[in-house]
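Subject: Structure handover

Hello,

Here is the structure I said I would pass on. Please open it beside this email and follow along.

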Amino acid sequence: MPTVFQVDVIAMRALGQILMWLGFLGGSFASVSQLEVQEDKWSTVPWLWYAVSLAVGIVGIVLLRRAKHDDHRDEDKTEAEYSVITRSLAELSTAVELLCQHSQCPPADALKFIDARCAEPLSDFADSRQALVKRFGMAVYADVMTEFASAERYVNRSWSAAADGYMDEVDASIRRAQGHLANARNLIAAAEQSVSDAA
């Protein structure tokens with residue numbers, strides 16, 4: 001499903017094409033609309049009509065160039081957001097795996113660790129999630145976000161359990177989060193492979 005920005009670019013490109021061709025056809029019509037007079041050929045050209053057509057064509061070309069520029073900018077933004085997704089998912093997976101390895105740490109340490117190492121990657125991933133739609137489509141986005149949302153829920157649950165001092169629940173929740181993060185990484189890897197195979 002295209003974003004509002006993409007719809008704007010598509011509309012701008014369509015309007016640019018229409019105006020460019022209207023300008024071209026209007027100028028062509030103005031050039032041949034009256035018979036030439038041998039003595040003064042230039043007096044038969046309706047200059048006002050010709051100038052308006054030229055202006056309309058120029059506006060169309062400007063809109064087309066702007067739409068092309070916005071397309072490149074949107075692609076650059078998508079790439080930047082996608083790199084945030086891959087980085088934050090890797091950071092979060094590393095943090096969760098590390099917490100799984102130290103499941104017997106004191107609850108206060110687990111609480112600080114989750115705050116320090118998990119909160120920012122969770123937020124970064126969520127903020128950049130639209131890049132998944134632009135890059136892979138809605139189906140992959142839905143699958144990845146289902147796994148990510150489950151992982152986030154279990155990380156939050158482990159934080160609550162650590163705050164209450166229930167380390168067994170912290171351990172169980174963080175291991176579930178680890179499984180969901182692994183599934184999310186596998187889904188993204190499969191989507192990347194599918195894109196590279198299609199290219």
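The notes below go from the whole chain to single residues.

Overall picture

This is a predicted model. The average pLDDT of the protein chain is 83, and 84% of the residues score at least 70. Confidence is lowest in helix α1 (residues 4-32), where the mean is 73, and highest in α6, at 92.

The protein chain has seven helices and zero strands. Read from the N terminus, the order of elements is α-α-α-α-α-α-α. Of the 199 residues in the chain, 35% are buried. Among contacts with a separation of 6 or more, 74% are between residues 24 or more positions apart. The chain exposes about 12,100 Å², and carbon and sulfur atoms supply 60% of that area.

Aromatic pairs

How many aromatic pairs does the structure hold? There are two aromatic pairs. One of them joins Tyr82 and Phe136, edge-to-face, with 5.7 Å from centre to centre and 75° between the planes. Tyr82 belongs to helix α2 (residues 47-101) and Phe136 to helix α5 (residues 130-136), so this pair ties together parts 54 residues apart in sequence. Tyr82 and Phe136 are both buried.

In the pair of Phe125 and Phe148, the ring centres are 4.1 Å apart and the planes are at 20°; the pair therefore counts as stacked, as the planes are under 30 degrees apart. Phe125 lies in helix α4 (residues 119-127) and Phe148 in helix α6, 23 residues apart, and the pair links distant parts of the chain. Why do we call Phe125 buried? Phe125 is buried because its relative accessible area is 1%, and the cut-off is under 20%. Phe148 is buried too, because its relative accessible area is 2%.

Helix α7

Helix α7 covers residues 167-198, which is 32 residues. From its first C-alpha to its last, α7 reaches 46 Å, close to the 46 Å expected at 1.5 Å a residue. Which residues of α7 are buried? They are Met167, Val170, Asp171, Ser173, Ile174, Ala177, Leu181, Ala184, Ile188 and Ala191. When you look at the spacing of these numbers, keep one general point in mind. An α-helix has 3.6 residues a turn, so residues three or four places apart point the same way.

Two C-alpha distances

Ser160 lies in helix α6 (residues 138-164). Is Ser160 buried, partly exposed or exposed? Ser160 is partly exposed, because its relative accessible area is 34% and this class runs between the 20% and 50% limits.

The other distance concerns Ile61, which is found in helix α2. The C-alpha atoms of Ile61 and Gln17 are separated by 7.6 Å, while the residues are 44 apart along the chain. Ile61 is partly exposed, with a relative accessible area of 40%.

That is the handover.

Regards

Notes
Residues numbered from 1 in each chain as written. Predicted model: local features only at pLDDT ≥ 70, side-chain atom pairs only at ≥ 80, totals over all residues. Heavy atoms only, no water. Helix = DSSP H or I, 4+ residues; strand = E, 2+ residues; numbered from the N terminus. Expected span 1.5 Å × (residues − 1). Buried < 20%, exposed > 50% of the residue type's maximum accessible area, 1.4 Å probe, protein only. Contact = heavy atoms within 4.5 Å. Areas by Shrake-Rupley, 256 points an atom, 1.4 Å probe, with all protein chains shown as cover. Phe/Tyr/Trp six-rings, centres within 6.5 Å; stacked < 30°, edge-to-face > 60°. pLDDT = per-residue confidence, 0-100.
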